[in-house]
Amino acid sequence: MVRTVVFDVGETLVDESRIWLRWAERLGVPPLTFLGVLGGCAALDLSHREAFELVRPGVDVEAEIARWAVDDPDGLRNGFDADDLYPDVRPALGALRAAGFDVVVAGNQPPEARAALEAMDLPVSAIRTSDEWGVQKPEPEFFARVAQLSGVAPEEIAYVGDRLDNDVLPAADAGMRPILLRRGPWGYLHARRPEAARTTVIDALTELPAVLAG
């Protein structure tokens, strides 16, 4: 029986479209080109970081982020805010809380993402990032930290994410219930893979209360 529902961040709760469009502008690449290359990375099981190298060979992403912060200190740059939440997030999280589930957010994100999420006043009991823990998905230690944070056994946790490789299959291997959200480039592609049969596939977060009750 699931007692805690844990959510990934990017393309699960947060629509990253504006982030990638700002990156395209920053790198001087047409938006369709950059988004297309990113989709290609998703299809070929390449890291999203490969998209930067493909459009700007030799680019130092961390150095570019630092320069961007100097150029636009008050802008969102590669961050996000409440305007980037998918519209089903607040209704779904509220419905889960009303149904008695504990709700947690834990994903591969930099430290500043926690502050951005906390500023949204979401109905969750805890928010953590990989950089805080010093371990990233899909490492088993990440999911061990999730269980420790939740305070329940792994089999009482549902992990919701948009990727098989980083999110839900490692969660399943950790003993959690895997729920794949068909959202974002990875979500649509991964939902068609045979491995998705190991998960519950949903098209909207508002499906969760009924899915978990069933």
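Glu64 is buried, at 6% relative accessible area. This is a predicted model. Its salt bridges are the topic here. Side chains of opposite charge can pair when their charged atoms come close. A search of the whole structure finds 17 salt bridges.

## Arg26 and Glu64

Glu64 pairs with Arg26 in a salt bridge, with 2.8 Å between the closest N and O atoms. Arg26 sits in helix H1 (residues 17-27) and Glu64 in helix H4 (residues 61-71), so the bridge ties together parts 38 residues apart in sequence. Arg26 is partly exposed, with a relative accessible area of 24%, whereas Glu64 is buried at 6%.

## Arg198 and Asp173

Arg198 forms a salt bridge with Asp173, and their closest N and O atoms are 3.0 Å apart. Arg198 lies in the loop between helix H10 (184-190) and strand S6 (200-202), while Asp173 belongs to helix H9 (residues 164-173), so this pair links parts 25 residues apart in sequence. Arg198 is partly exposed at 46% relative accessibility. Asp173 is exposed, at 57%.

Which residues do salt bridges with shared partners join into one network? They are Arg26, Glu64, Arg67 and Asp71.

## Arg163 and Asp165

Another salt bridge joins Asp165 and Arg163, with the closest N and O atoms 2.9 Å apart. Arg163 is buried, with a relative accessible area of 14%. Asp165 is partly exposed, at 32%.

Methods. Residues numbered from 1 in each chain as written. Predicted model: local features only at pLDDT ≥ 70, side-chain atom pairs only at ≥ 80, totals over all residues. Heavy atoms only, no water. Salt bridge = Lys/Arg side-chain N within 4 Å of Asp/Glu carboxyl O. Helix = DSSP H or I, 4+ residues; strand = E, 2+ residues; numbered from the N terminus. Buried < 20%, exposed > 50% of the residue type's maximum accessible area, 1.4 Å probe, protein only.
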